[in-house]
Amino acid sequence: MKRVLLYGVGTIFILVALVVIGLRIPAVQDIVLERGATAVIAAEPVDLSDPDGLTLIFCGTGGPFPDPERAGPCTLVAAGGRVFLVDSGTGGAQRLQQLRIPMGKIEGVLYTHLHSDHISGLGDIALNSWAGGRKGPLTLYGPPGVEGLASGTFDAFGIDSKSRIDHHGAEVFAPQAQPISSKSFVVPGRDDTVTVIDEGDLKVTAFKVDHVPLENAYGYRIEFRDRTVVFSGDTVRDQNMVRFGADADVMVHEVMGMANIHTIIGALRDTGQSTTAKILTDASEVHTSPVDAAEVANEANAALLIYNHIVPPMPLGVMEDIFMRGVSDVRSEGVMLGYDGLRVRLPAGSDEIEVGAL
Ligand SMILES: [Zn+2]
Ligand SMILES: [Zn+2]
């Protein structure tokens with residue numbers, strides 16, 4: 001028995017050694033690359049054409065801080081074949097491409113507000129959706145200021161865009177799809193809503209949330225047939241999420257892990273980094289804790305709560321435990337931490353919520 005075991009271990013060792021040596025031979029490297037590249041390139045893109053469902057794909061569940069696990073705020077919404085993003089955070093375009101999203105399907109971006117972490121990926125979204133075969137201008141919806149975001153990004157990328165057409169031709173980079181258009185709107189008061197899109201089975205309405213000192217910070221309620229998703233944008237705990245998020249199938253709520261952030265603020269103060277400590281302290285006053293978001297989802301009678309805009313990054317496992325402390329006491333089920341690559345599908349005409357990773 002002992003001899004058989006030694007023989008087996010010896011065989012495995014020889015095989016591993018052969019593989020390691022083989023991978024140093026140029027001809028073998030070429031074969032490995034060719035097979036790998038073919039496998040990756042031949043993989044089917046994600047199908048966003050489902051005519052009977054509302055689908056969310058999380059392309060960025062982080063905030064403004066560098067986080068290798070999470071891109072900046074970015075969520076794709078596919079509704080009966082129409083495809084939009086909610087915010088275009090840092091790294092969102094790269095995450096979409098990693099997830100094999102057909103970028104040319106993206107027709108617009110709904111902005112919750114114009115903080116940098118929510119807008120800074122726009123240039124990459126505009127270019128890659130254009131390269132992906134977008135048919136018309138990319139349309140930006142959001143608060144006043146979104147016109148400048150559209151025109152400024154268009155101007156800033158003007159030399160790049162011209163070079164793309166010159167280099168690859170107008171058949172690849174269709175000139176009519178180059179523009180970035182905008183539709184800004186104001187939600188007059190906290191009791192008001194603005195209908196942003198009302199076309200066929202799709203209805204998008206915006207409402208005010210509290211994210212001082214910004215005057216215009218919006219949440220969105222997105223309805224497709226009988227299914228509903230509500231996005232909080234950035235906000236403190238706000239009763240408007242209860243009111244306008246009522247009976248949502250999915251509530252996507254921003255969160256800040258307050259215990260984690262306060263520990264980090266303490267460490268910054270202890271090491272003399274008072275400016276960063278002040279910025280984080282100010283930031284902690286305009287966001288929502290996980291427990292508060294859970295209570296909001298309960299009051300709104302939301303079926304599934306997904307935490308989004310997860311701040312601060314959580315490189316240590318214990319931070320996730322600390323982040324979730326107290327949540328199960330107020331909401332024992334129907335709550336989850338969002339992650340990049342999460343897909344949630346809501347088939348019309350049912351109560352089903354299909355959750356999985358791409
Ligand atoms: Zn933010
Ligand atoms: Zn913000």
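Guide: Arg225 and Asp52 form a salt bridge, with 3.2 Å between the closest N and O atoms; the term stands for a side-chain nitrogen of Lys or Arg within 4 Å of a carboxyl oxygen of Asp or Glu. Arg225 sits in the loop between strand 9 (218–224) and strand 10 (227–231), and Asp52 in the loop between helix 2 (26–42) and strand 1 (53–60), so the pair ties together parts that are 173 residues apart in sequence. Helices (H or I, at least four residues) and strands (E, at least two) are DSSP runs, numbered from the N terminus. Arg225 is partly exposed at a relative accessible area of 42%, and Asp52 is partly exposed at 37%. Buried means under 20% relative accessible area, exposed over 50%, and partly exposed in between (1.4 Å probe, protein chains only).

This is a predicted model, in which local features need pLDDT of at least 70 and side-chain atom pairs count only at pLDDT 80 or more, while totals for chains, interfaces and linings use all residues. Residues are numbered from 1 along each chain as its sequence is written, chains are lettered from A and ligands numbered from 1 in the order in which they are written, and side-chain values use heavy atoms, with hydrogens and water left out.

The structure holds 17 salt bridges. Another of them joins Arg227 to Asp249, with the closest N and O atoms 3.2 Å apart. Arg227 lies in strand 10 and Asp249 in the loop between helix 8 (239–244) and strand 11 (250–256), so this pair ties together parts that are 22 residues apart in sequence. Both Arg227 and Asp249 are buried.

Arg345 pairs with Glu354 in a salt bridge whose closest N and O atoms are 3.4 Å apart. Arg345 is partly exposed at 25% relative accessibility, and Glu354 is partly exposed at 37%. Elsewhere, salt bridges that share partners link Arg237, Asp292, Glu295 and Glu299 into one network.

The zinc ion (ligand 1) has Asp117 (OD), His118 (NE2), Asp234 (OD) and His309 (NE2) as its protein donors, at 2.1 to 2.3 Å; donors are N, O and S atoms within 2.8 Å of the metal (3.2 Å for Na, K and Ca), and water is not among the atoms, so sites may look incomplete. Asp117 is buried at a relative accessible area of 8%, and His118 is buried at 2%. Asp234 also coordinates the zinc ion (ligand 2), which is 3.4 Å from the zinc ion (ligand 1).
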